[in-house]
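Please consider the following structure together with its sequence. An account in running paragraphs accompanies it.

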Amino acid sequence: MLGPLRRAAVAAGAASASAASLRQFQCAYHRSNERLLPCRDQEVSYGLNWAIAGRGVVVKDKVFYNLEKSELQKGGAAYTECLSGIPLHVRGNVISGIPDVSRAQFAKLLKLVTFHLSSISSLYVQDGAVGSSVECDAKVRVISDNPSAVLLLSNILWKTPDRSISHDTCPLTIYVASSISANVRNSLGSGSQYANGFAAADIERSSLILCGKAFADSAMLKGALSALTAPVLSARGGLPFPGCTDALPALSKLSPGQAAYHFLAGYCDGKFIPAYSKDPSPLDPIALANSLFSHLKEDNTPTYLINAKSSGKYIDGKEFVRLIEVLLSNNLPDRKSEDIRVGELKGKYKSFLSSKFGKYLPKEFSF
């Protein structure tokens, strides 16, 4: 009788010791995150680490999650000198002039970067979004070895509620490896333009890698994010529509075909930029214009073109508000005669779009 009792006691003691060890680990784990996650339970902490592991990064020690700017600065973050001309390589781009990166090259680079981040004692994770509308934004998660990079990216991304990333079907991941070795930083190119690092994006993977000081080039960052989020924003109904020229009236009402035509031409300051996109993009401008046309026609959406220039200068805020008031009052000026400059601009539009898209230009599109 004593034998079974002794064995039961030993088993109970072992189970108790295991539970105690687990509790000790949980407490230690939670303490390592309590500066970062003061209002989150341990389940969320574990969930975050698992989510990061799903992106190839294993947390070595501490992870600082969604810190406010003041907290980042207390942790050593600082606004760094703005850079320009950082090389950007994009896989999946259909716009010419942007260096490519192969599937194998990106996979190898991503493996090196995730290994580097997994060796860092303190990681910084920040969630945000591209686009201010919850219905058609693109969620972004930043995993960084540098708080200064997170501080800068916080100024580019919109804030998003906690856990929203976990509920998004296609979030984008930005890997920041500022302290990675020079050998890795030169893996896609060499020369003076690569001295401060480089960026590589894979649209299929929804991933962006920033090596060295690449995070300090805000213009390049915005272009990369534009390319990576284009498929998501387009699928969710988000489309850009800027533009300005003195030849057009200050305010014009457009049909769906006219709106798509102006959007496709992308005329601004005397230059044509199809779909207003100079940045790399996986989406064909014709496909974007057709999507805009369909949305406007199916929803019967009133569309207007506001000319941002007057007498060679950009209009100010007061003039913009005045034009909006005119639009809302439905008191648009009646223009029966066509300005000679408008006729000339029509010819430029036709010439450019015919040479660029030829037979693929939809018949419904018009000036």
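The model is predicted. Its description may begin with an open sheet of 7 strands, arranged in the order S1-S3-S4-S5-S7-S6-S2 with mixed pairing. Strand S1 (62–65) and S2 form the edges, each pairing on one side only. Direction ignored, neighbouring strands of this sheet are turned by 15° against each other on average. Strands of a sheet pair through backbone hydrogen bonds, in either a parallel or an antiparallel manner. For strand S3 (residues 122–130) and S4 the sense is antiparallel, and the pairing extends over 7 bridges. Tyrosine 124 has serine 144, in S4, as its bridge partner.

Helix H4 (residues 103–118) lies across S2, S3, S4, S5, S6 and S7, and runs at about 65° to S5.

Which residues have the most contacts inside the largest nonpolar core? They are Val140, Val142, Ile174, Val176, Leu208, Leu210 and Met220, in a core of 31 residues. Two or more residues each are given to this core by strands S2 (88–91), S4 (138–144), S5 (172–177), S6 (197–202) and S7 (207–212), and by helices H5 (147–154) and H7 (218–235). The largest share, 8 residues, comes from H7. Another core, of 26 residues, lies apart from this one and includes Leu110, Val113, Ala177 and Phe198.

Leaving aside neighbours within four places in sequence, leucine 208 is in contact with Leu172, Thr173, Ile174, Tyr175, Ala199, Ala200, Ala201, Leu221, Ala224 and Leu228.

Two residues call for a remark on the backbone. Most residues other than glycine have a negative phi. Serine 206, although not a glycine, has a positive phi of about 55°, and is found in the loop between S6 and S7. Asparagine 300, likewise not a glycine, also has a positive phi of about 55°; asparagine 300 lies in the loop between helix H9 (285–298) and strand S11 (303–306).

Is each of these two residues buried or exposed? Serine 206 counts as buried because its relative accessibility is 17%, which falls under the 20% limit for that class. Asparagine 300 is exposed, with a relative accessible area of 66%, a value over the 50% limit.

How values were computed. Residues are numbered from 1 along each chain as its sequence is written. This is a predicted model: local features need pLDDT of at least 70, side-chain atom pairs count only at pLDDT 80 or more; totals for chains, interfaces and linings use all residues. Side-chain values use heavy atoms; hydrogens and water are left out. A nonpolar core is a set of buried Ala, Val, Leu, Ile, Met, Phe, Trp, Tyr and Cys residues joined through side-chain atoms within 4.5 Å. Buried means under 20% relative accessible area, exposed over 50%, partly exposed in between (1.4 Å probe, protein chains only). Helices (H or I, at least four residues) and strands (E, at least two) are DSSP runs, numbered from the N terminus. Contact means heavy atoms within 4.5 Å. Two strands pair if DSSP finds at least two bridges between them. Axes are lines fitted to C-alpha atoms, for helices over the stretch in contact, and angles run from 0 to 180 degrees between N-to-C directions.
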